[in-house]
Each structure stands twice: as C-alpha cells, then as structure tokens.
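Good morning, and thank you for coming. I would ask you to keep the structure in view while I speak.

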Amino acid sequence: MESYALLLAATLNAGTVLALAALGLLINEKAGIVNLGAEGMMLCAALASFVAVVHSGSDVLGFLAGVGAAALLAAIFGVLVIWMNTNQYATGLALSLFGAGFSAFAGIGYVQEKLPERPHFAIPVLGDIPLLGPALFRQHPMVYLAIGFVIWLIWFLYRSRAGLVLRSVGESPESAHALGYHVRFIRLAAVVAGGALCGLAGAYLILVYTPLWVEGMVAGRGWIALALTTFATWRPARVLLGAYLFGGVTMLQFHLQGAGVDVATQFLTMLPYLATIVVLALISRNPTWIRVNMPASLGKPFHPGS
Amino acid sequence: MTDLKKRSLLQVAALSAIAATALVACGKKEEPAPAPAPTAAPAAAPAEAPKAEPLKVAFAYIGPVGDGGWTFAHDNGRKAVEKEFGDKVVTSFVENVPESADAERVLRDMVGQGNKLVFGTTFGYMESMVKVAGDHKDVKFEHATGYKTADNLRTYDSRTYEGAYMAGVIAGAMTKTNTLGVVGSVPIPEVVRNINSFTLGAQSVNPKIKTKVVWVGKWFDPPNETAAATSLINGGADVLMQNTDSSAVLQTAEKMGKRAFGWDSDMTNYGPKAHLGSAVINWGPYYIKAVGDALEGKWTGNMQSWWGVKEGAIDMVSIAADVPEETKKKIDEVKAGLKDGSFVIWKGPIKDNAGKEVLAKDAVADDKFLGGINFYVQGVEGKVPGGEKK
Amino acid sequence: MLRLEPRPEPSRVWSLGSPLLALLLTVVIGVLLFAALGKDPVRGLQVFFWEPIKSGYALGELTVKATPLLLIALGLAVCFRSNVWNIGAEGQYIIGAIVAGGVALLADKDTSRWIVLALLLAGTVGGMAWASVTALLRDRFNANEILVSLMLVYVAEQLLFYLVFGPWKDPGGYNFPQTRTFEAVTQVPRLMTGSRVSIGVLVALAGVAALWVFLFRTRAGFAQQVGGLAPAAARYAGFSSRKALWLALLVSGGTAGLAGALEVAGPLGQLTPHVPAGYGFAAIIVAFVGRLHPVGMVFSAILMSMFYIGGELAQSRLGLPKSLTGVFQGLLLFTLLACDTLIAYRVRFGRSRPASPAPASVMPAPGDTKGAA
C-alpha cells in the first residue's frame, strides 16, 4: 500500500513537468499559434536555471532564469512567425533543433556540476497523514502552484474579458482585428507567456526532478506536452489530468520492473507513446468535436488587412 | 522550375561554391602536407623539438569528458599517461564518438593524424576497430571491454565486479530493511556480473538480504535513472547501487534519505549524506603500462587484459564515516586477499535464483565463466532480461 | 521604423539568394563563436568547409553521410509540398533498417547476391508500412500526423531495442545488444575500393531525377502540390486530397526506409541500438534549406554533411565540442526561415501604408487543409 502512495507522489512529480509545458502550449494554441519548439525551450531553460543556481545558490533565481531564457526564445519565435509570417511548423522545429544544439554546447562546462542541497518540502500536519500524506502533501511548492495555475487559467480563459479576447484571436483573428484589437501583439503575448511556462517546466525538471545537467535531458517531454494539448481538447483541467496520466505511465514502467513483472522493458517504455497515439486517434475521430474545441485559426498565418 | 530559374540557380550555386573554396583555400597555407605535424589539440604537450619523435596516442570516448563517470575516469587515465611520460608522448582525444558507423571515420582520422596507439573506450567500437586495425597494421589498437583481437589489436577491461562486491559488503552491513536496489544500465554480462557480485558481497555479511533490479536501458540517462531509483526506494530498498554513469541515483538517494554508492569515479560530493563509498576505476596503471610497452617496443597484440584490485585498477574509496569499523576491516581484508590472490569472489557453491547450482563447492570460476554470466544468483529478484536461453 | 511591405509577386532573386544569405549569416555567427571560444576562425572554417572535401577519401565519407539525408529529404519534399507534415521520418528509417536487417539475418555465406535487392526492397516496404500507420490514423481518425508520426519514432526505437536485446541478439556476442554481423553477401556493393561509398548514392541521384520529373512534369505531381498550396482549388479540379495524403506518406516512408536499409547493409553491417542517428530530423532541415527542390536538396544534403563531419573534425583538430554541429544546423534553419521573408516581403523604412494582400508564399501555409492541427 505504502508503495502505491509513493507511486502517486512520484506521478505528481513527473506529471508537473508535462503539465506546466502543456499549459504553456495551450495558451499559445488558444491564440492560434502552434509552437513546436517546446523541447528546445525546455532544454535551454533547464540549463539556464541550472547555471543560475550553481552560481547563485538561489532556487528563485534559478526558476526566473529558466523562465527568462525560454521567454526570450519564444519571443524570437513569435516575431518570426507573427510578423515575418514564417511557416509555424518549420520555425518551431528550428527552435527545437537549435535549442537542443545550443543547450548541449553551452552546457558543456556544467556537466559535472552539482546543485547545493535540495530542500525538502512538506505541508505541516497534512504531510503527516498516513498514506495520503506522503502521496500528496510532500511535494515541491511548484506542484501545488501548477494546480492553482490551472484553476486560474480556467477562470482567465472562460470568465475574464482578456481571456475572451485571447480566444477570439484564436478563433477568428480577422474579426478581432476588425474590432480593433492588436491581434499580432496579443498573439505575441500568448507566445511569450507560453514560452515562459515551458521555461518553468524546464526549470522544474532540473531543479526538482533530476538536479543534474546532461544534454538532451528533456528526453522528449516537450513533444509529449504538445500531444497533451490536443489530447486534452484544449481544456486546462484535462491537460492537468493528462499530464498526471503520462507521468504515471512513465513511473509505472519502473514500478512494474521492480515488482518483477515479466514483460520486456522496452514494451513498458513504449507505453506512454502508444497511449498518446491511441488517445489522439480516439479524440480526433469526431471532427465536430475537434472543430468545437480547437481554435479555428490554429496554425494559420494572420495578415492584417487581408 | 522554369529554365531561367534553373540556370540562375546553377549559376549562383557555382559562383558561391567557387567563392567559398577560394576564401577557404586562402587559409589553406596553414594546412600542411599529407603528414601533418600535431596541430593545436587541447591535450597536446608543447612540441619543442624533442630528441626522439614523441609517440602520438589518441583516445576515442563514448561520452563527454565531464560526465563524472566512465569517460571521466578514462580521461584521468590519459592525464596520468601525460604526467608519467611528459614529452615522450602527445595525447589527444575525441569525445562523444557514437557507437555507430561514425566511429570508423573518427578512428581512421586518428590514424591519418599520425597517431600510433589508439584507445577505443567502449564495446560498440569493436567492428570499426577491427576494420581500421586491419587496414593499418603499423598502428596499435586497444579496445576496452571488447573480445576481438588481432596482431595489432588487443582488449582490456577492469574487474568492476570486485568493486561491486566490496560495495555489497558495505550495503549488507548498512541496510535496515534488508532490501537492496540496483539501477542497471544495459543487461550485458558485465552488468549482470556486477549485480551478482554486489549481492554475494552483501550476503557475506548479511545472508538475509534480497536485491531488486530495475533496468534503464542506457548507460547515461539521469532523468530515467532518477525515476528508476525512486521506484526502487518506493519498493522498499534503502541502499542503492547503480551501473549507470551518472550520479543521479546517488542524488536521488540523498533526496529521499537513503544510502547509495558512487560508481566509476568518486561521487562523494554529489550526495554527502547518502554516500557510502565509491567503486572507482583507475585506468592510469593500465594506460601507463600500455604506453610504456609501446615506447619500449614490447607491445604485443592478441591479448586480453583484465585488471582489478590486484593491479590497482579497481578500488573502493571514500568509505563513509558511519560505516562500522568491522565492516571497514572486512573491506581491507578483501582488498588484501584480492591483491595476493588468497581471496576469490566467485568460488562455489553458488546457485542461481532458480535454485540450480552453477558453481560447485570450492570450484573457482575462470574468466570465461565470468565473461558469460547470464543468470542472477540467489537473492536477486526477477530474471535477466533477454538472458537465460541456454 | 523598419517595416515589411508585401511584394506584388514572390521575388525570384531571393528564392535563390535566401539560402545563400542564411548560410552566410550562419558562417558569420560561426566565426564569432570560434573567436569567442578562443579558436582561430579561419582554421575553424577550414575544418568545416575544406577538410571534408579535400581528398577522395574525404569526399567519399561526405557522400556516405549525405546519401541517407538526401534520400529521406526527397521523400519529405513530397510530403511538405503537399502540406503533410511527416516529422516521423526517423521512425520510418528505423523500421526500414529493422526489416532490412531481418532479411539480412536470413542470409548465409552461400546466399545469392540478389538478397541485397531483397533487403533494400524490404526496407522500403517497411518504411512505407510504418508511415501508413500515420496515414491511416490521419485518414480515418483525423489524427494530427505530426504528433502521430513523432510518437511512432519513439515506438520504433523501443522496438529496435527489444529486438537487439532479445530475440535477435547475436548468440555468440557475449549477450551484448546487437545482432550478428551480416554476411558479406548482404553488403550493398561499393562503388569503388578504398571508399565506403556504395551504390546508394546512385539510388539517391536517381531519386533526385525521379522527383524532379514527378514534381514538375507529371500531372500527378502537379495535383499533389496544388493540394498543398491551394486546397480549395484542388477540390474544384477534382484532385483527391486523400490520395495526396497517402502518396506523400508512402513515398516519404519508403525513401526513409530505403535509407535505413542502405545504412544497415552498408556502413553498419549489423543492427545495434545505435541505428537511430537523427537523420530523419536532419533531413527536415535538408529539405527546407534545399527549398523542397530536388537539385537544391542535393546541395543542402552536402552542406549538412559538412556540418556533421566538420563537427567531428573540429573536435580532434581544434578541441571544439561536438554539439557545435547541432548549433550550426539549427542556426541554419532559423536564418533560412528569417531570410525567406525577403522572398515575400520588402524591407522598407517609414510609416506603414494600407497593405496589399501578401502573395502566396513559396511553401504551403499550414493549417489550410488541416482537420486537427
């Protein structure tokens, strides 16, 4: 029983990375932009936060550095895609490839570094409840922040005026433009905010999950986060649940090994990816459902005046 | 594409190719003729007109020099060679050489650069080394952890299982839950042997222990090593060992209040509270001997060297202060016994974890037996992935 | 105030000049990087651009590296021109290698040389089969091909690991994860001794010619591209977007699978966990930098190979880190995309005037035929 509680705790931990990145991508996509550069942004953010903590010892600075690095990259992406109308998919890919190469390159001097001792967190009283305590209440504050953020995001998107504007830009930028909104600046803001969240995810990965720098350490999580937004039909709460599901499947693979389950480990490793494909197929099957949930201008360039 | 476009494309391409070549060829005068003198390789000793031509030695590494593990240990060996031989050698290295078709190109380039002794530090270079050795009989090749040899190619390895055994002794003494965990990299005999030796060592001081194993599938994958270590701890293990190349497992143990070991290099700094000891590989002695032999003309191929504690290649260092005195004494006894040959780790009776006897009473395992270990000893849970099909 | 003003029609000069400008910019940044790292920039450029072509052997190695890139890029060009975003070419490459490897394992010393043809075909079919999973899911379920093809890359990788760690492991290989070395009869014939160049390069060049003919001289090719550039027009003209989807994915899966087969029956000679070399992703850059044009992609494949080999040489000659290759490749794509703007837009100073609609860009705009993007 104890080990299931711990499995749950590990799931929350692993899922938070995916959740933060996916939520960032969701914001992008609500405004109509697909950013395939999540992987590259997360890598550069992870390195930036690692370097910041190595030199300053402050986790807060580390998180800020990660957010800043990713937001900067996202801004460059945004300018290219929104003002220079470059192909969104190609630009996002370029960002991923460049981010991977650059972080590997810049991180060379840091491969052997280590961070100062990582603090332990536990909510007083709640953290001591048997079973539930270790499962749910001994996480890094960022885990709870992520949950809180989801709640805020739901309010923002569906109950606030700014959120409505954002969504309308994603649904029909021409109409929003006709109404006098600065579509391009709103999209840029969304892209930068989304990038910032991806940066937060990268920072969390390296400061909390695995405090070691090695090139390519994001290991495909950026791509899974992208899949998550579609899979969750662009709704924040579903994104969070999907992220935990994926985090769980990854942890489950090792749990099953340790429990002596006699399945080739490679098939267990395949699970998260196969699961993504299956769910994608099921979700996309109903084109009406997709059309109802997907921002209509997703991926299309916007030309004011056209 | 219209003819006009095609023509202009070709024109522009041709012009730029010519321009680029011209630009670069201008700098060509720095590039010497076919047998180049050593250029500014980072590890090269300054060549100030040595009396005899220094021996050029090159190393091909699978990972980055800064990995704090396998490649780091090899590079320390290379530095030991430089220190020992001074300006009689010029060393260089290429890191991150993948175990793929690219390795052949890198090795040929090393030969082309005038290196006469080339070390390939991972199993996956085997086929490439065989090919290149076959084409360049005047160059000597050394392949780590491989098994193919030739007149100018020989293999070398370290008895990491001795380090694993010593770690096991400490683990057996320190565990409170009697459950040990190992994060395995790739299920090859070397790693399985290490898991078994770890278990045998622990059983020698604490017959009640059991060992759980989780495989990451790669040598170096910190995020997954973390997840694997977490799942082992969640499954009840309180002392961990790993056969992977990073300090992730140790750091995870530190975070979760358990104990663990350093592997390949001294990892005390990565988990000061969790660290129980580091099973280190010291490639210096072997590299110095190999280079020395080459310099004196005593180098011969068709050999397989397997060095351990006896030759100074393996050691258990930085044992934690809270390890009981009697355990530390036992470790010293094991080391002494390995050095003078009076102690043998793999001596029967040894049973596999299905109950079958694999080594009869008092029988001593030879290197061939050790090289093909495909089973878990009693005390280890589970089955070797992809193994045991006799 | 810098401003972008749409051109009345795409600039022909910049269609060709953009990749060159991008390369120039990348080189300039590279020189700055070398200087910042304390290395001689001219030597650095030499290592990247001269060393890989300076001898027959070097050219051979360049060709060995460029062949799979070019092959995969040819297929990707068909895809991207049809607005089908196959990001999973790496997975199709791996499956092609696996299937070809499987056929090669069936051979023994006395098998006829025709097995080479068999395994190349098998690899091609394998790659097509893998790509058809993506096609099916997009066709029937509307699932986004970017995500599906990408996830399938990871699945393909794990499948490879399973096979080399398990059922296909060399029984005489000390339990190391690899198949046995394939018999000599399965080796793809070399073009000349002393070099690793195989007939694969001839296949690739044939592919270049075939693609050129298909894209620019056949009705089917025309239909394929119209589907990508102007889907509404395509529907009016009766061109089937479904056929275009399947054709695009099958062709790119096939070329990727063929590339995998050539690698495995060529330089590699066995299946190991190191078959995935990232060619499927690098080929995406090759395709774009080559402007999705067969001849252009020949040049960009050579350029990318120079980056790879130069990066390796930069390590041993200059002590520069290997990751530079990745930096240059990513930078090249970035600068290319930025420079491409010049094709459709003019840079102007001054205040903005009411803009005329931007012309259709050279590459199809994504999202026009998308269901679930």
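I begin with confidence in chain C, where the lowest mean pLDDT, 74, belongs to strand β1 (residues 2-6) of chain C, and the highest, 94, to helix α4 (residues 89-105) of chain C. Here pLDDT is the predictor's confidence in each residue, from 0 to 100; helices (H or I, at least four residues) and strands (E, at least two) are DSSP runs, numbered from the N terminus. Over residues 365-373 of chain C the pLDDT is below 50, and beyond near neighbours in sequence this stretch has 33 contacts in the model. Two residues are in contact if their C-beta atoms, placed from the backbone, lie within 7 Å. For chain C the mean pLDDT is 83, with 92% of its residues at 70 or more. The model itself scores ipTM 0.79 and pTM 0.80.

A word on conventions. This is a predicted model, in which local features need pLDDT of at least 70 and side-chain atom pairs count only at pLDDT 80 or more, while totals for chains, interfaces and linings use all residues. Residues are numbered from 1 along each chain as its sequence is written, and chains are lettered from A and ligands numbered from 1 in the order in which they are written.

Let me turn to the contact between chains C and A. It involves 47 residues of chain C and 50 residues of chain A. On the side of chain C that touches chain A, α5 (115-141), α6 (145-165), α11 (279-289) and α13 (324-344) of chain C each supply at least two residues. Which of them gives the most? That is α13(C), with 12 residues. By class, this side of chain C has 34 nonpolar, 11 polar and 2 charged residues. In this count Ala, Val, Leu, Ile, Met, Phe, Trp, Tyr, Cys and Pro are nonpolar, Asp, Glu, Lys and Arg are charged, and the others, Gly among them, are polar.

Next, chain B. It has 11 helices and 14 strands, and 52% of its 390 residues count as buried. A residue is buried if 20 or more other C-beta atoms lie within 10 Å of its own, exposed if 12 or fewer, and partly exposed in between, with C-beta atoms placed from the backbone.

The domain assignment of chain B gives domain 1 (55-158 + 284-310) and domain 2 (160-281 + 346-371); such bounds come from an automatic or database domain assignment. The C-alpha centres of these two domains of chain B lie 28 Å apart. Their contact takes 12 residues from domain 1 of chain B and 13 residues from domain 2 of chain B. Helix α2 (residues 70-85) of chain B gives the most to the domain 1 side, with 3 residues.

Within chain B, strand β1 (residues 55-60) is largely enclosed by the rest of the structure, because 5 of its 6 residues are buried. β1(B) pairs in the parallel sense with strand β2 (residues 89-94) of chain B over 6 bridges, and with strand β3 (residues 117-120) of chain B, also in the parallel sense, over 4 bridges. Two strands pair if DSSP finds at least two bridges between them. B:L55 has B:V89 as its bridge partner in β2(B), and B:A60 has B:G120 in β3(B).

An open sheet of 6 strands runs in the order β7-β6-β8-β9-β10-β12 (chain B), with mixed pairing. Its edge strands, each pairing on one side only, are β7 (210-215) and β12 (314-317) of chain B. Strand β10 (residues 275-281) of chain B and β12(B) pair in the antiparallel sense over 4 bridges, and B:S278 stands opposite B:V317 in β12(B).

I close with some individual residues. B:E142, in strand β4 (residues 140-144) of chain B, is buried because 27 other C-beta atoms lie within 10 Å. Leaving aside residues up to four places away in sequence, B:E142 touches B:F119, B:R154, B:Y156 and B:A290.

Most residues other than glycine have a negative phi, and most peptide bonds are trans. B:S318, although not a glycine, has a positive phi of about 50°; B:S318 lies in the loop between β12 and α10 of chain B. C:L292, likewise not a glycine, has a positive phi of about 60°. Finally, a cis peptide bond joins B:G348 and B:P349, with omega at about 0°.
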